[in-house]
Amino acid sequence: MRLPALDEVPRLGLAAFRSRIVFHGVFLLLAAATLALAVSLLLEEKQRSYQRYEQGFKRSLGEITAQLRHPTGQLALLNPGFQGRRPITPLLLPFSAIDFDDPTKAQRAVEMSGCTLQFSDGASLCVAVGSKAAAGAFIYLVGSLDAGPLVGREHGASALAGLHRARITVKLPGGSEQWIAPFEAMASGGEGQLGRLTGFLGGTDELPVRARPTRDFRGWLWREGPCLRNTNGADCPRRTLYSIRLPVEAFRNALFRQPAPTWPPAELDRIEVRMEMLAPNGAAPLFDSDAGTLLPPVSLNSVGQSLQPGETLTITRDGRPVTTLRGSADPAEIPSPWLTRLIRRLPVQVQAPALLAEDSVVTPLGRYELALRGDWRSLDRSLSASAARASWLVGAMLAAIALAWLIIELGLMRRVARLTRRAAAVSYEVQHPQVEQRLGRLDVSDLRGSDEVGILAGSLSDLLERTRDGIRREHLRAEHERDMWHAVGHEIMSPLQSLMALHGSPEDASHRYLQRMQQAVRVLYGAASPSEAIASAQLAPGRLDIDQFLQEVAANAAFADIADVRYEAHGTPLWARADAYSLEDVITHLLRNADRYRPVGTPISITAGEAEGQVLLTVHNQGPAIDEHLLDKIFEYGVSDQPEAQGGERRGQGLFVARSYLAKMDGSVNARNVADGVIFELRMRRSS
């Protein structure tokens, strides 16, 4: 920091700032080491991630292939567009037909294939067709529900409203078909019921006379197992399984067309099926496939969820694309763009630049080819998301380093550097001829504080202040000596002039010696001034009781022709550091100044007390106020609003003497206007 108030300050060498350079270097190395550690950990983690991904890539395809070879996976392959939404459409099974006559086999078939749709009330339903047309063009409905005792139809009865019955509606692109299938009990026991569902075309609850059931409609219903919902007795609800084979006339007609039809039908995903299990007498249905919350089965989308971000699984059959699945990133993992760019630039070694694995799955409809492609960049994004969560640790470490640097730099090092420069400036300026003026421009009080640097700065500031005071006292002493010698010279010159008049003849032998004496007085004392003499006066400050001192001054003021000076005793000693004779001169000058301006008959008041750790004296007189522009100048030598009198009196010396003597006693004086006059305030250092 270059001091602007000084013209020439020596520049410090590099060695003076060696500690500061080392300090900055250590913090820079610490920050660089933190960043290097973070980058090296990223590089190591990237290398391990690439190796793990490369080793597990083909294994991932094997797991997906094994999943698709299972009947559940084959069901997803054979029905790639199925989403499990309403309206319910038939699924293509991975086997030709369902053994609907056996409840165990029927239930195992739908569970193994995964075609079952689960409902929120606990019911289930699988609507499917076989994988081969030769097995018959049927729609299979296999499901379960919770039901109490079922009311069956008697043989030949045509009224179905008071019975348990199933109503099935099938909507095809060319029309719709509907069946009503009442329950007919075949056997019942203490723990369940067994019966069949006989299907009749039409959905009404009143059958025509001599109505005949549909020949190829087959349906079975088994109500068995323990009681549900913590109930007991023969009327408690039990788990009820039903299995229905539904003939579709449109499918059957297509079987006999030429050329042979393709299977499954092209419009399979446009067929809508609704299954209702109705209760007797208009009660709420036991089950309705169009009501309740539907939980979808396994689909290719669920298979795609096992893919890693960036991976693509392409499924084809006979060269034709079936579907393309892409792995998606976790929405909670948000990669950082700048971290992603950094990670991509980190060098790693991989064996296969392009990741590709292939396999196949054989189904009743043919061979499905699987091609899994990976993307190295997806690993970079995943690693970026993981690194972004941990980057706050590195940021916190760097912030802690920066905070420590700022605290030490601003709180210590910079202050030390400023103090060093100013100390060097002090050392330089004390050697300058105009040392007082130049030292007056140096100030280190702004660096004061309670820490080590602040204490050092305070000590240097006190030293500078004492140095300035010493220089000022020295100048005052020199001025006093010059003025004293000037006065002496003046007194000597007067008798010399008389002697020159008495011995004015050039022939007089004393005339030449008198001329030499005059010349010597002019040379030695002619340049001195009274202000220099006053400034150079030597004082001997000591411990003085100001209260006792002012009582004596007020009592003796009348002998100095200053009447009506009043001082109210303080009552307790006020000890100050002062010279009694010089302080009496100061008070006398102030009293004479107050006496000069006060109205006739008004008193001069003196007070004494303590303020801000100092002894405070005031001299108050009534009268005119001092001009504002003169308040700070009246203590300068020669400044006065009074004309000079004969003998050199009233030339502005009194207040100058007061300020000079007080400065030598480490005190100060100032003046201020009040409502009724002027007050002079004297502040002096207390003495313990």
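## Terms and model

Helices are DSSP runs of H or I with at least four residues and strands are DSSP runs of E with at least two, both numbered from the N terminus. The structure is a predicted model, in which local features need pLDDT of at least 70 and side-chain atom pairs count only at pLDDT 80 or more, while totals for chains, interfaces and linings use all residues. Residues are numbered from 1 along each chain as its sequence is written, and side-chain values use heavy atoms, with hydrogens and water left out.

## The protein as a whole

The secondary structure consists of 14 helices and 24 strands. The protein has 688 residues, and 40% of them count as buried. Here buried means under 20% relative accessible area, exposed means over 50%, and partly exposed lies in between (1.4 Å probe, protein chains only).

The protein exposes about 37600 Å², of which carbon and sulfur atoms supply 53%. Such areas come from the Shrake-Rupley method with a 1.4 Å probe, and for residues only the protein chains shown count as cover.

Helix α1 covers residues 18-69, which gives it 52 residues. The expected span of a helix is 1.5 Å times one less than its number of residues. From its first C-alpha to its last, α1 reaches 75 Å, close to the 76 Å expected. Helix α1 also has a kink of about 40°, centred on F57. The bend at a residue is the angle between axes fitted to the seven residues ending there and the seven starting there.

The buried residues of α2 include P71, G73, L75 and L78.

## The second largest pocket

A pocket is found on a 1 Å grid over the protein atoms alone: it is an open set of points where a 1.4 Å probe fits, with protein on both sides within 12 Å along at least five of seven lines, and its lining residues have an atom within 4 Å of a point. Grid points are joined across faces, edges and corners, and a volume is the space filled by probe spheres set on the points.

The second largest pocket has a volume of about 490 Å³. Its lining has 23 residues, and A38, V39, L42, S391 and V394 lie nearest the centre. Helices α1, α6 (337-345) and α7 (376-429) each supply at least two residues of this lining.

## A buried strand residue

M275 is found in strand β11. With a relative accessible area of 1%, M275 is buried. Leaving aside neighbours within four places in sequence, M275 is in contact with several residues, among them L125, L141, Y242, F287 and S289. The C-alpha atoms of M275 and S289 are separated by 5.4 Å, and the two residues are 14 apart along the chain.

## Two loop residues with positive phi

Most residues other than glycine have a negative phi. R210 is not a glycine, yet it has a positive phi of about 60°. R210 lies in the loop between β8 (200-201) and β9 (218-227), and it is exposed, with a relative accessible area of 80%.

N281 likewise has a positive phi of about 60° although it is not a glycine. Its place is in the loop between β11 (272-278) and β12 (287-288). N281 counts as exposed, at 66% relative accessibility.

## Residues brought together from along the chain

E249 is in helix α4 (residues 249-255) and is partly exposed, with a relative accessible area of 43%. E249 and E177 are 72 residues apart in sequence, and their C-alpha atoms are 8.8 Å apart in space.

The loop between β22 (614-622) and α14 (654-664) contains Y637. Y637 is partly exposed at 26% relative accessible area, and its C-alpha atom is separated by 5.3 Å from that of F656, 19 residues apart along the chain. E628 lies in the loop between β22 and α14 and counts as exposed, at 59% relative accessibility. The C-alpha atoms of E628 and N673, 45 residues apart along the chain, are separated by 8.7 Å.

Definitions and conventions
Contact means heavy atoms within 4.5 Å.
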